[in-house]
Amino acid sequence: LHAGKGLYEEAESEYNDSIESIDRAIGLNESDADYHSDRGTSLHRLAVLHAGKGLYEDAESEYRDAIASYDRAIEMTDWKIPSHIFFKAMTHEKYAQLLFQMDRYEEVKAQIDQFIHAMYRQGNLEEENGNREVAMKSYRCVIATIFDERRDREAMNLRCLLRRLLILILCHKRLGKIMTELGKEKQDIGKEYEAALNLVEMALKMELDESTKEELENEKRELKGLLNDLDS
């Protein structure tokens, strides 16, 4: 509340008090994943506050600490709590923005990798839990993030580009399957499968090991089958 009103010192004090309080709670019950996640959230907010004031070193330390807290919560709950994964993803995204401001572009890519991975995992989990619309938002967020990187595509090494293509294929395929379950228009479903198929064809033109090539050929056959099912 204070941060939103521009009351910097009050907000900073509240976030620090919150972190100290949560640290005491963790000291009493280290096995409570929510405490670790709450600690991550307070650190994330403090980092945003410091980044906005140009205190980049403080903000970086806090983002790193926040990510470590979320990782601890996620590890304790075996990647089963969507909120922990979502907040981890958001922190990687904010940290990437900070690193960009600091002209540390190679490190930005590493944080974007982590953001994409977390958002995709969250989409999978929401889908498993029956929250299809939320899952679709996560998959679309991953797709948008990867396409926002297109200005750097020439500088992207082949291994990184292949990873991006593989996750794009999975996102488009998952979107098509969810849309089928939700009874969406066949034309819209077909666009997702066709996008995935085009990406498979693109990936197959790259230099690949036999395992990856076989995986992509299997994806190609599955996607063609899904498109045929739509036409039948």
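This is a predicted model: local features need pLDDT of at least 70, side-chain atom pairs count only at pLDDT 80 or more; totals for chains, interfaces and linings use all residues.

Begin by selecting aspartate 65 and arginine 39, which form a salt bridge with their closest N and O atoms 3.1 Å apart. The pair joins distant parts of the chain: aspartate 65 belongs to helix α3 (residues 56–76) and arginine 39 to helix α2 (residues 33–52), 26 residues apart. Arginine 39 is buried, at a relative accessible area of 15%, whereas aspartate 65 is partly exposed at 29%.

Stay in α3 and select glutamate 75 with arginine 72. Here the closest N and O atoms of the salt bridge are 4.0 Å apart. The two residues are 3 apart in helix α3, so about one helical turn separates them. Glutamate 75 is exposed at 57% relative accessibility; arginine 72 is partly exposed at 30%.

Next select Glu60, Arg64, Arg104 and Glu107, which a network of salt bridges links. Within this group, arginine 104 and glutamate 107 have their closest N and O atoms 2.7 Å apart. Arginine 104 lies in the loop between α4 (82–101) and α5, and is partly exposed at 23%. Glutamate 107 is partly exposed too, at 32%. Leaving aside residues up to four places away in sequence, arginine 104 touches Glu60, Tyr95 and Leu99. In total the model has 16 salt bridges.

## Aromatic rings

How many aromatic pairs are there? The count is 5. For one of them, select phenylalanine 86 and phenylalanine 87: the ring centres are 5.6 Å apart and the planes stand at 65°, so the pair is edge-to-face. Both residues are partly exposed, phenylalanine 86 at 30% and phenylalanine 87 at 34%.

The charged end of lysine 53 sits over the ring of tyrosine 8, 4.9 Å from its centre. That of arginine 121 sits over the ring of tryptophan 79, 4.2 Å from its centre.

## Helix α6

Finish with residues 132–148, helix α6, which has 17 residues. From first C-alpha to last, α6 reaches 24 Å, close to the 24 Å expected at 1.5 Å a residue. Colour its buried residues, among them Ala135, Met136, Tyr139, Val142 and Ile146. What covers the buried residues of α6 includes α5 (105–128) and α7 (158–181).

Methods: Residues are numbered from 1 along each chain as its sequence is written. Side-chain values use heavy atoms; hydrogens and water are left out. Rings of Phe, Tyr and Trp (its six-membered ring) pair if their centres lie within 6.5 Å; planes under 30 degrees apart count as stacked, over 60 as edge-to-face and the rest as tilted. Buried means under 20% relative accessible area, exposed over 50%, partly exposed in between (1.4 Å probe, protein chains only). A charge sits over a ring if NZ of Lys or CZ of Arg is within 6 Å of the ring centre and within 35 degrees of the ring normal. Helices (H or I, at least four residues) and strands (E, at least two) are DSSP runs, numbered from the N terminus. The expected span of a helix is 1.5 Å times one less than its number of residues. Contact means heavy atoms within 4.5 Å. A salt bridge is a side-chain nitrogen of Lys or Arg within 4 Å of a carboxyl oxygen of Asp or Glu.
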